[in-house]
Amino acid sequence: MTADLQDAKRVVREFYAAIDGAEDTALAPSMERHCAPDLLWRGCHPFGELRGPHLVAERFWRPLKASLRPMRRRLDLFFAGRNEIDGFASVWVASMGHLMGLFDAVWLGIPPTGRVAMLRYAAFHRVANGRIAETAMIFDVPHLMMQAGLRPFPPSTAAELVQPGPMTHEGLMFGPQDAAEGDRTLAAIDFMVGDVATWKDPGQMSLTDELRCSWTEDMIWWGPGGIGATYTIERYAAQHSGPFRAAFADRRFNGHLCRMAEGRFGGFFGWPNLTLTPTGGFMGMPATGRAGDMRVVDMYRREGDKLAENWVFIDLLHFWDQQGLDVLERMTELSAGR
């Protein structure tokens, strides 16, 4: 099993080196060397699902690399594991960090700044037969918009900032890891997922006490642009978890497509994870009464038997588009009027 994970890591590291070093017309051939011909690539709005490495290169990588120049990948997490959701049959490699460059050309209609910009991202890659067969990648477009001086949403309940990697600086697991540590991390994530799925009656247990079952007291929640980051259980409850729970009348958990862990790190993604009906107050936006899907990636660091850090990526542009708000279109209109 360890050999399978190391082989998969090698495939993804070679892919990253190739795609990060390729420019313009070399991007598609680089992807085709490292990805399956029928690659399924899931990206956040406005990209959605794309099929085949050539299409991904032309629709996503080529415009992005023409905008952030020269693009450099700053990795904070890199780990591999077998997918709990399919009975540990498939092998996946996950990474998280920033795609950095000088923001010198328009991307998705966002005006360039001529300054360094950091596009926060997280990705899961399924590796089979020596190639990447499937990818899910969520990148924080609203946070990039904020770096360009735009405000796509009302003021956040938590802090907006360029987010660092793990406090322990040990998230790049290029080598083999202790399998028992990965099992403990997956167990902690599973417990938290099960606990969240059965939100307690506030009359029976306070939100902070409920959170203490899964989280260390000094936990850090690194949320997406538009929500922000928060620190300690009490502030997390006040600045995100409480407002989030209060904002939705109907909530449905749709499950995950991949959930895995290695060492003291792990994560999951769904497509979508949740279906929610906003009743008002979420991110300062009015209620619509429309059910909307949330595509989410979560990455975790464990301490002991509890979770200590959580990096959260939500395809907020997709969610609000389902509510009738095209954030990119509104941003273009606002930029034109500046």
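1. In this predicted model, the side chains of D209 and R212 form a salt bridge, with an N to O distance of 3.1 Å. The two residues are three residues apart in helix α6 (residues 207-212), and they are therefore separated by about one helical turn. D209 counts as partly exposed, at 40% relative accessibility, and R212 also counts as partly exposed, at 25%. Elsewhere, salt bridges with shared partners link R42, E49, R126 and E134 into one network.

2. D305 belongs to the loop between β14 (296-303) and β15 (306-314), whereas R184 is in helix α5 (residues 179-197), so the pair ties together parts that are 121 residues apart in sequence. D305 is exposed, with a relative accessible area of 58%, while R184 counts as partly exposed at 34% relative accessibility. By the rule applied here, the count of salt bridges comes to 25.

3. How do the axes of helix α1 and helix α2 cross? The axes of α1 (residues 2-21) and α2 (residues 27-34) come within 9 Å and cross at roughly 170°. Angles over 145 degrees count as roughly antiparallel, and α1 and α2 are therefore roughly antiparallel to each other. On the α1 side, the contact involves E14, F15, A18 and I19; on the α2 side, it involves L27, S30, M31 and H34. The residues of this contact divide into five nonpolar, two polar and one charged.

4. In soluble globular proteins, nonpolar side chains tend to be buried together. Here the largest nonpolar core has 101 residues. Which residues have the most contacts inside this core? They are W61, W107, F139, F282, M299 and W320.

5. F139 may be examined individually. With its neighbours within four places in sequence left aside, F139 is in contact with W41, G43, C44, F47, F60, W107, L119, R120 and Y121. One of these partners, W107, is itself listed with F139 among the core residues that have the most contacts.

How values were computed. Residues numbered from 1 in each chain as written. Predicted model: local features only at pLDDT ≥ 70, side-chain atom pairs only at ≥ 80, totals over all residues. Heavy atoms only, no water. Axes fitted to C-alpha atoms, helices over the stretch in contact; angles between N-to-C directions. Helix = DSSP H or I, 4+ residues; strand = E, 2+ residues; numbered from the N terminus. Parallel < 35°, antiparallel > 145°, perpendicular 65-115°, else oblique. Contact = heavy atoms within 4.5 Å. Nonpolar A, V, L, I, M, F, W, Y, C, P; charged D, E, K, R; others polar. Core = buried A, V, L, I, M, F, W, Y, C linked by side-chain atoms within 4.5 Å. Buried < 20%, exposed > 50% of the residue type's maximum accessible area, 1.4 Å probe, protein only. Salt bridge = Lys/Arg side-chain N within 4 Å of Asp/Glu carboxyl O.
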